[in-house]
Amino acid sequence: MRITVFGATGGVGREIVGQALKGGHEVTVVVRDPDRLPERLDRAAPHAAVRLDDPAAVRAAVAGRDVVLSGLGSRGRKANGVAERLTGRILTAMEAEGVRRLVVVSAVPVGPEPADDPLVDRLMRKAIGAALAELYADLARMEAALTRSATDWTAVRPPKLTDGPLTGVYRQVVGGTPRSSRSISRADVAHAMLALVEDPAAVKRGVGVAY
């Protein structure tokens with residue numbers, strides 16, 4: 001597949017790029033700061049420094065691609081509308097170029113709460129939701145923009161991200177959230193995103209992933 005990856009210098013984005021290259025895909029890496037791209041990816045994949053406020057540059061980055069994957073998001077608690085704003089620019093470019101498949105990172109709290117979640121998990125989720133309310137509100141607005149778009153989108157919703165290894169073994173629920181979702185490695189989130197690209201059941205759906 002011909003893949004464009006936004007947010008490739010982030011933890012999930014780097015994993016997407018590395019795993020996609022190992023899978024034999026043609027990968028174009030889009031970064032705001034090329035100096036933050038790991039050397040191994042710098043050598044292995046074509047990349048372009050793209051200002052996401054430059055519509056022509058974003059369109060060029062997605063033109064002719066089979067799928068766009070995005071690891072974009074806030075790096076801190078102050079989201080400042082980053083996910084909504086930057087994803088909106090990608091959506092505009094994809095619609096202009098007729099590129100349909102998009103897979104993005106969201107978060108478990110944006111999805112539905114499992115009806116059978118234990119009390120401790122419900123309380124934990126509520127506390128985390130309160131502490132990171134701005135970040136999750138930004139992701140919720142991002143997902144609302146996805147639903148209004150003409151793209152065939154999927155929003156992958158992980159809980160707490162870790163730097164653990166790629167296992168390929170995790171739970172996922174299309175349109176829902178795994179019970180007691182507590183953590184998952186960035187490597188396995190990337191694995192799930194790449195696997196879901198060709199899953200028709202995941203089109204225009206949120207997918208909860210967790211160990």
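Trainee: Which helix is T87 found in?

Mentor: Heads up, this is a predicted model, where local features need pLDDT of at least 70, side-chain atom pairs count only at pLDDT 80 or more, and totals for chains, interfaces and linings use all residues. Residues are numbered from 1 along each chain as its sequence is written, and side-chain values use heavy atoms, with hydrogens and water left out. Helices (H or I, at least four residues) and strands (E, at least two) are DSSP runs numbered from the N terminus. By that numbering, the helix with T87 in it is α4.

Trainee: What is the relative accessible area of T87?

Mentor: Buried means under 20% relative accessible area, exposed means over 50%, and partly exposed is in between (1.4 Å probe, protein chains only). T87 counts as buried because its relative accessible area is 2%.

Trainee: Which residues does T87 touch, not counting those up to four places away in sequence?

Mentor: Contact means heavy atoms within 4.5 Å. With residues up to four places away set aside, T87 touches V82, M142 and L146.

Trainee: How do α4 and α6 lie, roughly parallel or roughly perpendicular?

Mentor: Axes are lines fitted to C-alpha atoms, for helices over the stretch in contact, and angles run from 0 to 180 degrees between N-to-C directions. Angles under 35 degrees count as roughly parallel, over 145 as roughly antiparallel, 65 to 115 as roughly perpendicular and the rest as oblique. Here α4 (82–97) and α6 (133–148) have axes 7 Å apart and an angle of about 20 degrees. So the relation of α4 to α6 is roughly parallel.

Trainee: How many nonpolar residues are in the contact of α4 with α6?

Mentor: From α4 you get V82, A83, E84, T87 and L91, and they meet D138, L139, R141, M142, A145 and L146 in α6. Ala, Val, Leu, Ile, Met, Phe, Trp, Tyr, Cys and Pro count as nonpolar, Asp, Glu, Lys and Arg as charged, and the others, Gly among them, as polar. Set aside one polar and three charged, and the nonpolar count is seven.

Trainee: How far apart are the end C-alpha atoms of α6?

Mentor: The expected span of a helix is 1.5 Å times one less than its number of residues. The 16 residues of α6 should therefore span 22 Å, and that agrees with the distance between its end C-alpha atoms, 23 Å.

Trainee: Which elements do the buried residues of α6 pack against?

Mentor: Start with who is buried in α6: L135, Y136, D138, L139, M142, E143, A145 and L146. They pack against α4, β5 (101–105), α5 (119–131) and β6 (152–157).

Trainee: Is the crossing of α1 and α7 left-handed or right-handed?

Mentor: The axes of α1 (11–22) and α7 come within 8 Å and cross at roughly 55 degrees, so the two helices are oblique to each other. A crossing is left-handed if the near helix is turned anticlockwise from the far one by less than a right angle, and right-handed if clockwise. For α1 passing α7, the crossing is right-handed.

Trainee: How many of the 11 residues in α7 are buried?

Mentor: The buried ones are A187, D188, V189, A190, A192, M193, L194 and L196. That leaves α7 (186–196) mostly covered, with a buried count of eight.

Trainee: What is the phi of S180?

Mentor: Most residues other than glycine have a negative phi. S180 sits in the loop between β8 (171–174) and β9 (183–185), and it is buried, with a relative accessible area of 18%. Although S180 is not a glycine, its phi is positive, at about 55 degrees.

Trainee: Where is K204 found?

Mentor: K204 is another residue with a positive phi, about 60 degrees, although it is not a glycine. It is partly exposed, because its relative accessible area is 37%. You'll find K204 in the loop between α7 and β10 (205–210).

Trainee: Which residues is V169 in contact with, leaving aside neighbours within four places in sequence?

Mentor: V169 lies in the loop between β7 (160–162) and β8, and it is exposed, with a relative accessible area of 61%. V169 and Y211 are 42 residues apart in sequence, but their C-alpha atoms are 7.5 Å apart in space. Neighbours within four places aside, the contacts of V169 are D188 and Y211.
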